[in-house]
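Welcome! Let's go through this model together, one question at a time.

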Amino acid sequence: MTTLQRKDVNPIAHLTPEDIEAIGVELDAIRDEFIAKRGETDANYIRKMIKIQRRLELSSRAVLLFSLFPPAWILGTVGLSISKILENMEIGHNILHGQYDFMRDPKIHSTTWEWDSASPAEQWKHSHNELHHKYTNVVGRDNDLGYGIMRVDEQQKWVPAHLGQPLYNFVNAIFFEYGIAAYDLELGRNLATKKRRNNPAFRARLAQVGRKIRKQMAKDYVIHPLLSVPVGLAFGNPLGAFLGTLSANAVASVVRNLWSHSVIMCGHFPNGVETFERTSITGETRGEWYLRQMLGSANISGSKLMHIMTGNLSHQIEHHLFPDLPASRYAEIAPKVRALFEKYELNYVTGPLPMQVASAWAKVFRLALPNREKANDIDHAVPPRRPEPAAV
Amino acid sequence: MPVTQKLRNGAWRVVELITTPVVPADYLDVIAPLRNPHVLRARVEAVRPETDKAVTLVLRPGRNWQPAAPGQYVRLGVDVDGVRLWRAYSVSSAAGRADGLFTVTVNEVADGLVSSYLRKNARRGMLLTLDLPAGDFVLPERRPSKALFVTAGSGITPVMGMLRSAVHEMPDVVVVHSARTEDDVVFGSELRELNKQGRIRLIERHTRADGRLKAADLAELVPDLFERETWACGPGDMLDAITEHWADAGAEDRLHVERFRPTVLVAGDGGTAAFERSGIETEVAAGVTILDAGEAAGQLMPSGCRMGICFKCVLPMREGIVRDVRDGSVTTVTELDEPVLIQTCISAAAGPCRLDA
């Protein structure tokens, strides 16, 4: 089923096709249980989160009117960074997954939500929800694996350009929201040939991103800095006020970018996470799809606050199994999922944030260099595939 | 004017830039949800029990509300267990209250998800979504010299709105009302008081003791029946009988009827999917998704992951009932609801469905 078979130890060699389907049935049962529980608690939760985030943003921006004064600058920047993180992770990401569509509230719906990011929600939903979540960790189909710029698996061919990947990754982390926008546009691929560059569909999407970025930039780097100028005038330093707010907004955006990049890298890059071959997913059953999500994701352990600040992507495994269930439920779901991993002797990859970040970065460094040994040849000791059902 | 208009538009665009990617009203919602000009809401100011099963909600409507004419109804969007469901309720208060408030009276019906939720959970401070008043079950500007109201159960609510607004403008009013028992009469004491004062002639009928009122019985109770401008509101079969009776007498233009729409949808296996804009209609067999069935019928369908993850295949369902093929959960949309976006790739028809596509 996977590149797993090329590994020294195939982590699923002990599973029969019946086991894999049984895992699927058990996970469906967990899903049913939480679909039945879904309701007022979840609706109240997301409304509360939105309220907290908007209040935090409003008050931070108000404080930043006085960004001329260092204490206000620090307080405002911290508040705005937290607000931007909440907005992207616990609110935007999860609403755009359709987790709260069940509420039938047109204000909190995957089709109407727009987030504070360079990437227009619509394009992100295509590259993330449709491509990444369907083809999780399938080399060549899931562009999230290395975002098309990095080598993240021994099986990928090494070229000298990969030597620079620690640097690319760092730059990508700082400008993460723009990286995501470029990635949603498949910029590398679409700029490669003249025909692709001039494709009207691509042009339209490019223009859409351009408009979004212009508005975002105007807000953070023109309008809000200008709003603090009157305070600056009152204290005889309008330029200082302008630059103070501008720098605060820039720092908050970079903090948010670094944070979300780190969290997201922890989802699929740390050691112990498996990747899969393109051919391995043809005719994939629901059980096999679930299994791929289980093996292809990694969690971050930590406190409740930690989970909220990561948008519950700290529960990446649970998120990948049930991307449309409200994320605040993942903590409740996790013990059941973990028990299933244990029952079927599978590796539940988890660890504290610093450890997972280090593990992901170690991989980025390690794979910048060619493999020390030749990747193993295909191990044919694969569990036999269930025969395709006869056509009716 | 154009200059100030331009300035105002320009200023507004700047405000929108401040709050991008959302709109200023989204921030306002955090502080003053009733001030949102785009989403009409109402806050529950008080809850008054009427009978064992009925409560009156005193509502403060938000910005851009237009007062109801007596007899009209409003649609209320109520979040029942986190899911917004819409129901229509007649306005029961007098028109033109000085405090700007209005009331609806909710009578709990058997298996009524929203009515029982409101009866049990409505509290002061609760927010509801609201739609503008609608309906032509109203009194004419020139009040009738002789009026008859025939109501049953919660059918009294729009009529109560009319009586409270205009009873003093109508010299001769007869109200024939049926309820299960004396205690089940919504607004019973107020109606009896009006009767005592001679403002109306109230004929109460308690179905548990007296049996159901038949249209033919009305002639006995109200001899000048067909001389009266008549408003009737209650269960469908009662209204059917009355409509027929008035038609037989050739007095149908004097009769005004308000029907409670039946909203009961029962999930079956398979159904019809009607794509309203293209006019394509197709039978969807049990277990087949609307996406597959639509594509097979030649409907251009949006699609994505085809496994329920990406929400790209969603289409607005105006009315109908679908079942999630993964977990069997059922989603129903009635004509009173706002259209609901359903994921066509994992939704099988469980009855007739009308889709906006």
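The model discussed here is predicted.

Q: How many helices and how many strands does chain A have?
A: Let's look at the secondary structure of chain A. The count comes to two strands and 16 helices.

Q: Why does chain A count as being as compact as a globular protein of its length?
A: The globule rule gives 21 Å for 392 residues. Chain A comes close to that value, so it is as compact as a globular protein of that length, with a radius of gyration of 23 Å.

Q: What percentage of the residues of chain A count as buried?
A: The cut-off for buried is under 20% relative accessible area. Over the 392 residues of chain A, the share that counts as buried is 53%.

Q: How far apart are the mean positions of the positive and negative charges of chain A?
A: Chain A has 46 positive and 40 negative charges. Their mean positions are separated by 9 Å.

Q: Over which residues of chain A is the pLDDT below 50?
A: Chain A has a mean pLDDT of 91, and 93% of its residues reach 70 or more. One stretch has 18 contacts in the model beyond near neighbours in sequence, yet its pLDDT is below 50: residues 378-392.

Q: Which residue of chain B does Gly98(A) touch?
A: Gly98(A) sits in the loop between helix H3 (70-96) and helix H4 (121-134) of chain A. Buried means under 20% relative accessible area, so Gly98(A), at 4%, counts as buried. Leaving out residues up to four places away in sequence, Gly98(A) touches Ser110(A), Asp324(A) and, in chain B, Phe311(B).

Q: How far apart in space are Gly98(A) and Pro326(A), C-alpha to C-alpha?
A: In sequence, Gly98(A) and Pro326(A) are 228 residues apart. In space, their C-alpha to C-alpha distance is 8.7 Å.

Q: Is Thr151(B) buried or exposed?
A: Thr151(B) lies in strand S7 (residues 146-152) of chain B. Beyond four places in sequence, Thr151(B) touches residues including Ile156(B), Val176(B) and Met238(B). Its relative accessible area is 0%, so Thr151(B) is buried.

Technical notes
Residues are numbered from 1 along each chain as its sequence is written. Chains are lettered from A and ligands numbered from 1 in the order in which they are written. This is a predicted model: local features need pLDDT of at least 70, side-chain atom pairs count only at pLDDT 80 or more; totals for chains, interfaces and linings use all residues. Side-chain values use heavy atoms; hydrogens and water are left out. Helices (H or I, at least four residues) and strands (E, at least two) are DSSP runs, numbered from the N terminus. The radius of gyration is taken over C-alpha atoms; the globule rule is 2.2 Å times the number of residues to the power 0.38. Buried means under 20% relative accessible area, exposed over 50%, partly exposed in between (1.4 Å probe, protein chains only). Lys and Arg count as positive and Asp and Glu as negative; His and the chain ends are not counted. The place of a charge is taken as NZ of Lys, CZ of Arg, CG of Asp or CD of Glu. pLDDT is the predictor's confidence in each residue, from 0 to 100. Contact means heavy atoms within 4.5 Å.
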